[in-house]
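Visitor: I am new to this structure and would like to learn how to read it. Could you take me through some features, one at a time?

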Amino acid sequence: MTSLVASSHSSASRSAYPTLSRFVRHRLAITGLVLITLLLFACFVGPHLLPHDELFIDMRNRFSAPFTNGHIFGTDPLGRDIAARLFKAGQVSMAVAFTAMLMSIFIGVVIGVVAGYIGGSFGNALMRFVDACLSFPSIFLLLTLAAFVQPSPMMITLLIGATSWMEIARIVEAEVKSLRERDFILAARMLGLSRNWIMWREILPNTMGPIIVAATLTVARAILSEAYISFLGYGIQPPNPSWGNMLNGAQQYLGQAPWLAIVPGIAITLAVTSFNFIGDGLRDALDNRSDS
């Protein structure tokens, strides 16, 4: 019986190399990984290589075009360097997205594991609560909540995390239901292992594949959500930059200085697309049937 329990962990380690091989062969996933690495490097290292920070105002160089006057992405209506603001905004947007992802994964995993393993009326009640939360369009729920709180990176992170865990809970609940009657779980019960041990030490490690895929896609959605609410004025507030409020400030200058919108728009597109590519690659790599 103990061998059945141990086999669930050893099989995961044996499958690591084929999984990595499948991921490496996924060209879009590798492209996304390279782009995200470059974007993170630019956001966190780039500001230290620029002569001015994101708040430095130079009225003599207002609306400088890209690659003029020492500004690689140009300047905004106040003469602030777009590259410095873009990289600083990337730090904020990435930090919000990753933290919101961790929060949503935590909530979704806890609810999904408990509902899936315990089942019965308690599990059904939890999932009906999840369904009720899913019945509200997340972006409208997010905007409604944002209108009643003081905008700050921390509050935006909490709001995004609190409105993006429901899909994860459903994914985890379905995985746990498919695992709870497997031989290694039955063996763990016969050995007298506690319910908490089985849920968190036996079942949860075997659901990590779908959770990892969901995490990458959640980061992409969190970046878009932060951009939405900041663009509409409920998120990160000027003068602190975010990709969303940079787009908001560029609206009235589209004809005069289109790069004000193009540069943050490209950054959002690259980040979201790259995380989606990585998620697709992880999904295919973690699917053992992809070798057949």
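Predicted model: local features only at pLDDT ≥ 70, side-chain atom pairs only at ≥ 80, totals over all residues.

Visitor: Let me begin inside. Which residues have the most contacts within the largest nonpolar core?

Guide: A nonpolar core is a set of buried nonpolar residues joined through their side chains. The largest one here has 66 residues, and Ile-223, Trp-243 and Leu-260 have the most contacts inside it. H4 gives this core its largest share, 15 residues. Another core, of ten residues, lies apart from it; Ile-111, Met-127, Cys-133 and Trp-165 are among them.

Visitor: What is Leu-260 in contact with, leaving aside its neighbours within four places in sequence?

Guide: The list holds Phe-63, Thr-75, Asp-76, Pro-77, Ile-82, Met-246, Ala-250 and Tyr-253. Two of these, Phe-63 and Tyr-253, come up again as a pair of rings.

Visitor: Then let me ask about rings. How many aromatic pairs does the structure hold?

Guide: It holds four. To read a pair, look at the distance between ring centres and the angle between ring planes; an angle over 60 degrees counts as edge-to-face, under 30 as stacked, and the rest as tilted. The rings of Phe-63 and Tyr-253 have centres 5.2 Å apart and planes at 55°, so this pair is tilted. Phe-63 is in the loop between H3 and H4, while Tyr-253 is in the loop between H12 and H13, so the pair links distant parts of the chain, 190 residues apart.

Visitor: Are these two residues buried or exposed?

Guide: The cut-off for buried is under 20% relative accessible area. Phe-63, at 15%, counts as buried, and Tyr-253, at 19%, also counts as buried.

Visitor: What kind of pair do Phe-73 and Phe-87 make?

Guide: Their centres are 6.4 Å apart and their planes lie at 70°, so the pair is edge-to-face. Phe-73 is in the loop between H3 and H4 and Phe-87 is in helix H4, so the pair ties together parts 14 residues apart in sequence. Phe-73 is partly exposed at 25% relative accessibility, whereas Phe-87 is buried at 11%.

Visitor: Now the backbone. Which residues have a positive phi although they are not glycines?

Guide: Phe-63 is one of them, with a phi of about 55°. Asn-69 also has a positive phi of about 55°. Asn-69 lies in the loop between H3 and H4, and Phe-63 is placed in the loop between helix H3 (27-45) and helix H4 (82-118). Phe-63 is buried at 15% relative accessibility, but Asn-69 is exposed at 53%.

Visitor: Where is there a cis peptide bond?

Guide: The bond from Pro-238 to Pro-239 is cis, with omega near 5°. Pro-239 is in the loop between helix H11 (208-231) and helix H12 (243-250).

Visitor: How should I read charged side chains?

Guide: Side chains of opposite charge can pair when their charged atoms come close. A search of the whole structure finds nine salt bridges. One of them joins Arg-170 and Asp-131, whose closest N and O atoms are 2.4 Å apart. Arg-170 is partly exposed at 36%, and Asp-131 is partly exposed at 27%.

Visitor: How far apart along the helix are Asp-280 and Arg-283?

Guide: Both lie in helix H13, three residues apart, which is about one turn of the helix. Asp-280 is partly exposed at 27%, and Arg-283 is partly exposed at 46%. Elsewhere, salt bridges that share partners join Asp-76, Arg-80 and Arg-85 into one network.

Visitor: Which residues make the nonpolar surface patch?

Guide: Val-34, Leu-35, Leu-38, Ile-262, Ile-266 and Leu-270 make this patch of about 490 Å². H3 and helix H13 (259-285) each supply at least two of its residues. Ile-266 is in helix H13, and at 46% relative accessibility Ile-266 counts as partly exposed.

Terms used: Residues numbered from 1 in each chain as written. Heavy atoms only, no water. Helix = DSSP H or I, 4+ residues; strand = E, 2+ residues; numbered from the N terminus. Buried < 20%, exposed > 50% of the residue type's maximum accessible area, 1.4 Å probe, protein only. Core = buried A, V, L, I, M, F, W, Y, C linked by side-chain atoms within 4.5 Å. Contact = heavy atoms within 4.5 Å. Patch = residues over 30% accessible without salt bridge, like charges linked within 9 Å, V, L, I, M, F, W, Y side chains within 5 Å. Areas by Shrake-Rupley, 256 points an atom, 1.4 Å probe, with all protein chains shown as cover. Salt bridge = Lys/Arg side-chain N within 4 Å of Asp/Glu carboxyl O. Phe/Tyr/Trp six-rings, centres within 6.5 Å; stacked < 30°, edge-to-face > 60°.
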